[in-house]
Structures are given as C-alpha cells and as structure tokens.
Amino acid sequence: MAGWYGAELAGRPTASGERFDPSGMTAAHRTLPLGSHVEVTSIANGRNVVLRINDRGPYHGKRIIDLSRAAAQRLGISGIGRVRVRSVDSGYARQALPQAPALAGTAAGPGPFRIQVASFHDEDRARALARRIDGEADRAGALWRVTLGPFKDARSANAARAEIAADGFGDAVIQPVP
C-alpha cells in the first residue's frame, strides 16, 4: 500500500536534508537508502514511475511507501493505492532524476567523530535499529537519530562508515563530535 503527501509538508526538511517539494518525483521509505531509486507500479492500472528516496516513512498502518503528490498523480493514486516497489539500480534512473545532496564522505582532521546512520520519527524503530547495529538512538528535535561512535580519529571513523555503508546504509554521515 502507498499513500502520498503534498502541500502540508512543502518546504520542510526531509531525512536527506533537502526541502520537500510535492511536485518532485520523490518518496519516503522506512529502510531503503536515501538517494536510492525505486520503480513504483500501480496494481490498479499498471502505470509506473521511477522515484528517488529522500525521506523516511510512512508511519501509518500497512503502507510501505509514501509518494510525493506528483508521483501519486502520475500513478493515478488519489488516496491510498496498492503498489509494487522495485529497487532500480540503472544508469538511466541515476541520470534522469536529480540526486540527493551529498551527505556522506570521509572524515578529516582531528577527532572525535560520530556516524549518523539514520533518523526516524518513530522512537521504537530508531531504538530497534540502534540495537541491531550496536549504536545509540537519541532524540534530536522531532526526530530520533541513530548513531555509531564516538571514533577517536578519522581513520577509524572512515573504516566504520565504509562497513555500515556495505550493510545498506550508504547515506550514513560522519560528523565531528562537538
């Protein structure tokens, strides 16, 4: 099941750090890496679109993905609709759609560093991921952030980030500890 969100969240920051644009071809998913692409197909009419994951969610009922208003309109979904979601890993999708801002990278300079692995609106989901990766879940405003560390130097932070990226969290961000 897929739902959609529109004007009520326009301009608000998404989990990727970009501002939500209801006219963009984007979606929210609970676990797929931010910046990854999916093909979403409406079961009712067979229409499909390729979307970039830029946010986390949905957090309602049995929905597996929340679509931008534009994506829902192209699929012919006016409320909630049955969909099939397929990960897309082709050069076409990566070139045809705008990319999420570059968030990840390597640490440089003196430590300590932490790695932000994910952020959630739901505390239980954040704590479950933190337990799974032996990290921490901390409240940050309206979100719960899952982090690893601290790491004493750039070398160890970079190695840990590479390891967590290989586990499917390619959008993990290395941050200096204040």
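This is a predicted model: local features need pLDDT of at least 70, side-chain atom pairs count only at pLDDT 80 or more; totals for chains, interfaces and linings use all residues.
Colleague: Which residues of H3 are called buried, and what makes them so?

Modeller: Helix H3 covers residues 123-133, and its buried residues are Ala 126, Leu 129, Ala 130 and Ile 133. Buried means under 20% relative accessible area, so that is the range these four fall in.

Colleague: How do you know which side of H3 they are on?

Modeller: They cover an arc of only 105 degrees around the axis, which puts them on the same side of H3. In general, an α-helix has 3.6 residues a turn, so residues three or four places apart point the same way. On the other side of H3 you find Asp 124, Arg 131 and Arg 132, which are exposed.

Colleague: What covers the buried residues of H3?

Modeller: The cover includes strands E7 (110-120), E8 (136-140) and E9 (143-153), along with helix H4 (154-166).

Colleague: Why do strands E2 and E5 count as paired?

Modeller: Pairing needs at least two bridges, and E2 (residues 26-28) and E5 (residues 65-68) have 2, in the antiparallel sense, so they count. Ala 28 stands opposite Asp 66 in E5.

Colleague: Why are E1 and E6 called edge strands?

Modeller: The open sheet runs E1-E5-E2-E4-E3-E6, and E1 (2-5) and E6 (83-88) each pair on one side only.

Conventions: Residues are numbered from 1 along each chain as its sequence is written. Side-chain values use heavy atoms; hydrogens and water are left out. Buried means under 20% relative accessible area, exposed over 50%, partly exposed in between (1.4 Å probe, protein chains only). The arc is that of the directions from the helix axis to the C-beta atoms. Contact means heavy atoms within 4.5 Å.
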